[in-house]
Amino acid sequence: MSAAVSALTCSDGDVYVAITKKCTVYAGEDSYKIWDGNTVLRASSRFSNGEQRTDEYCLPATTNNQYSITMADSSGDSWGDSTGGAWMSVA
């Protein structure tokens, strides 16, 4: 068993979020945005093929601490990898 340790400490009133993405191929086409209503709070940086990365954020608290996430593919054919193996988790 392994445990992740975060170096990020959020201020009181902020909400800690960790997004982990496993990439296979065509990773540079993938991106995501975290929203509070119509406001983009955070946007991902570019991904690399074969990468598994965890992005950590301190988000401003919202009503019920609810957010939306949108995932986009710049080529418009699919998000992730249609051959399998790519995934994303939000904690």
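Let me start with a term: a salt bridge here is a side-chain nitrogen of Lys or Arg within 4 Å of a carboxyl oxygen of Asp or Glu. Lys 21 and Asp 30 meet that rule, with their closest N and O atoms 3.1 Å apart.

Now the ground rules. This is a predicted model, where local features need pLDDT of at least 70, side-chain atom pairs count only at pLDDT 80 or more, and totals for chains, interfaces and linings use all residues. Residues are numbered from 1 along each chain as its sequence is written, and side-chain values use heavy atoms, with hydrogens and water left out.

Overall layout next. The protein has six strands and zero helices. Both kinds of element are DSSP runs, numbered from the N terminus: helices are H or I with at least four residues, strands are E with at least two. Along the sequence, the pattern reads β-β-β-β-β-β.

Sheets, then. Strands of a sheet pair through backbone hydrogen bonds, either parallel or antiparallel. Two strands count as paired if DSSP finds at least two bridges between them.

Take the sheet with order β4-β1-β6. It is open, has three strands, and its pairing is antiparallel. Angles here run from 0 to 180 degrees between N-to-C directions, and the axes are lines fitted to C-alpha atoms, for helices over the stretch in contact. β1 and β4 are joined by nine bridges and run antiparallel. For a landmark, find Tyr 16: it stands opposite Cys 58 in β4.

The other sheet to look at is ordered β3-β2-β5. This one is also open, with three strands and antiparallel pairing. β3, residues 39–43, and β5 are its edge strands, and each pairs on one side only. Here the twist averages 35° from one strand to the next. Six bridges tie β2, residues 30–36, to β5 in antiparallel fashion. β2 and β3 form a hairpin with two residues between them, and Gly 37 in the turn has a positive phi of about 65°.

Which residues have a positive phi although they are not glycine? Tyr 26 is one, at about 60°. Tyr 26 sits in the loop between β1 and β2. Asn 65 is another, at about 50°. Asn 65 lies in the loop between β4 and β5.

How covered are they? Buried means under 20% relative accessible area, exposed over 50%, partly exposed in between, with a 1.4 Å probe and protein chains only. Tyr 26 counts as exposed because its relative accessibility is 54%. Asn 65, at 42%, counts as partly exposed. Across the protein, buried residues make up 25% of the 91 residues.

On to the core. In soluble globular proteins, nonpolar side chains tend to be buried together. A nonpolar core is a set of buried Ala, Val, Leu, Ile, Met, Phe, Trp, Tyr and Cys residues joined through side-chain atoms within 4.5 Å. The largest one has eleven residues, among them Val 15, Tyr 32, Phe 47 and Leu 59. β1, β2 and β4 each supply at least two residues of this core. β1 gives the largest share, three residues.

Back to charges. A search of the whole structure finds three salt bridges. Glu 51 bonds to Arg 53 in a salt bridge, with closest N and O atoms 3.5 Å apart. Arg 53 also meets Asp 55 in a salt bridge, 2.8 Å from N to O. Arg 53 counts as buried because its relative accessibility is 15%. Shared partners join Glu 51, Arg 53 and Asp 55 into one network.

Last stop: Met 71, in strand β5, residues 68–73. Is Met 71 buried, exposed or partly exposed? Partly exposed, with a relative accessible area of 47%.

That's the tour. Over to you.
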